[in-house]
Amino acid sequence: MITPSRHLLPSKLPNVGTTIFTVMSRLAQDTGAINLSQGFPSFDCSPDLVALVEKYLRKGANQYAPMAGVPALREALAHKTLAAYGVSYDPETEITVTSGATEALYAAVAAVVRPGDEVLVFEPAYDSYVPAVELNGGSPVFVTLTPPDYLIDWEEVRSKVTDRTRLIMVNTPHNPTGRVWTTDDLNQLADIVQDKPIWVVSDEVYEHILFEGRTHHSLMTHPVLRERTFICGSFGKTFHITGWKIGYCLAPAGLTTEFRKVHQFLTFSTVTPMQYALADFLSVPEHYESLPAFYERKRNLFLDSISGSRFRFKPAEGSFFQILSYAGITDEPDYDLAIRLTKEIGIASVPVSVFYQQRNDYQLLRFCFAKDDELLLRAGERLSRL
Ligand code: PMP
Ligand code: GLN
């Protein structure tokens, strides 16, 4: 039995500390390093977007938004989703605006997972998935993907599905590897979950950041997956506004009903004036259609700047992260190297081992290239000296 103590609260998440993103960004700030660790742009969002927020602030859009999100934004999302993927979602019953994708992911997991359930998680995995599963009494079951290709062994996935499997977590384009799911991946997943009581949470926050003309195969485009998937998105990545913390969840009405029951007691509703501003901004497709070219140029700039270095890499297929292998440079553990490079050459990155449950160290670091060109070039020059 747990004895209550005034001083010690028994932890529900004993293995969780401060996230690596906080640790590395703080270290970068303390040391004055170029921060290519935490995923956020070093540049500002469009001034037009700021002007729209100002307009709605002055118009008095300063009270609670409806629980599901302001209708104009849900309608703009429905419109964009139909235009971009050819799939319809009803703004009334199938679209919910959330306080970032983080909230959407948590609410979706909480809506599905009960004590004793198993949840399949592909690792490397974004850090919020496993704590969300565990706080709801579920057990993560890992499918481990390895460099350089991070391809999914679908036979292994099949072998890990049991009667207790209730949820599968998907992330495409993928953080940290930049890998993008193919239609074959969608078909394989659909084949596995078809006719089983298994739901899917698909983290698609990098939906508009894909390179070399790749297509984002949203899980909503597969009919078997559409009917059992919570699609989680974020405006933070698409419009360079990670600090606004506004995301959304698209899911069939039956799933959305349960999702909203969680959402309304997690946050109730999301910041109002920004939602109106985003509704207007989202209605211009160029605002998100320009993203692939914008980030492909930055990725290439960064990779060109280290082409003479001893780092090895496979260019990211999507997202704004690039993984570099330092196997030809040093044998140090990736965590130690990330700290040392921040302190000694002033470049902060993220060790890829933190995205694995067992801290698998493949001698890889993750670099965020959502940064000003000048920072990327300076970083490349310093990394090339190693
Ligand atoms: N999922 C992934 C894969 C991410 O990289 C991030 C954030 N950076 C999030 C979710 C969280 O998005 P948000 O900031 O909208 O909560
Ligand atoms: N998603 C961002 C990253 O991967 C970080 C977000 C956060 O700090 N929680 O770097």
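1. Let me begin with a list of residues. Lys-80, Thr-81, Tyr-85, Glu-204, Glu-207, Ser-218, Met-220, Ile-231, Cys-232, Gly-233, Tyr-248 and Leu-250 line the second largest cavity. On a 1 Å grid over the protein atoms alone, a cavity is a set of points where a 1.4 Å probe fits but cannot get out, and lining residues have an atom within 4 Å of a point. The volume here is about 50 Å³, where a volume is the space filled by probe spheres set on the points, and points are joined across faces, edges and corners.

2. A word on conventions. This is a predicted model, in which local features need pLDDT of at least 70 and side-chain atom pairs count only at pLDDT 80 or more, while totals for chains, interfaces and linings use all residues. Residues are numbered from 1 along each chain as its sequence is written, chains are lettered from A and ligands numbered from 1 in the order in which they are written, and side-chain values use heavy atoms, with hydrogens and water left out.

3. Which elements each supply at least two residues of the lining of the second largest cavity? They are helix H3 (71–85), strand E7 (229–234) and strand E8 (247–250); helices (H or I, at least four residues) and strands (E, at least two) are DSSP runs, numbered from the N terminus. By class, this lining has 6 nonpolar, 3 polar and 3 charged residues. For the classes, Ala, Val, Leu, Ile, Met, Phe, Trp, Tyr, Cys and Pro count as nonpolar, Asp, Glu, Lys and Arg as charged, and the others, Gly among them, as polar.

4. Helix H1 (20–31), H5 and helix H14 (334–344) each supply at least two lining residues. By class, the pocket lining has 15 nonpolar, 7 polar and 6 charged residues.

5. Two cis peptide bonds are worth checking by eye. One joins Glu-123 and Pro-124, with omega about 10°, and Pro-124 sits in the loop between strand E3 (118–123) and helix H5 (129–135). Another joins Asn-175 and Pro-176, with omega about 15°; Pro-176 is in the loop between E5 and helix H7 (183–193).

6. Positive phi values come up as well. Glu-212, which is not a glycine, has phi near 50° and belongs to the loop between strand E6 (199–203) and helix H8 (223–226). Its relative accessibility is 47%, so Glu-212 counts as partly exposed (buried means under 20% relative accessible area, exposed over 50%, partly exposed in between, with a 1.4 Å probe and protein chains only). Gln-363 has phi near 60° and lies in the loop between strand E11 (350–351) and E12.

7. Is strand E9 (residues 321–325) buried or exposed? Because 5 of its 5 residues are buried, E9 is largely enclosed by the rest of the structure. Phe-321, Ile-323 and Ser-325 cover one side, with Gln-322 and Leu-324 on the other. E9 pairs with strand E12 (residues 364–368) in the antiparallel sense over 5 bridges (strands pair if DSSP finds at least two bridges between them). Within E12, Phe-367 is the bridge partner of Gln-322.

8. Finally, two buried residues. Ser-305, in helix H13 (residues 291–305), has a relative accessible area of 17%, and a polar atom of its side chain lies 2.7 Å from the backbone oxygen of Phe-302. Phe-142, in strand E4 (residues 139–144), is also buried, at 17%. Leaving out residues up to four places away in sequence, Phe-142 touches Val-121, Glu-123, Val-130, Glu-156, Lys-160 and Gln-357 (contact means heavy atoms within 4.5 Å).

Methods: 1 Å grid on protein atoms, 1.4 Å probe; cavity = no way out; pocket = protein on both sides within 12 Å on 5 of 7 lines; lining within 4 Å. Polar contact = N/O pair within 3.5 Å; in protein donor to acceptor, adjacent residues only side chain to side chain.
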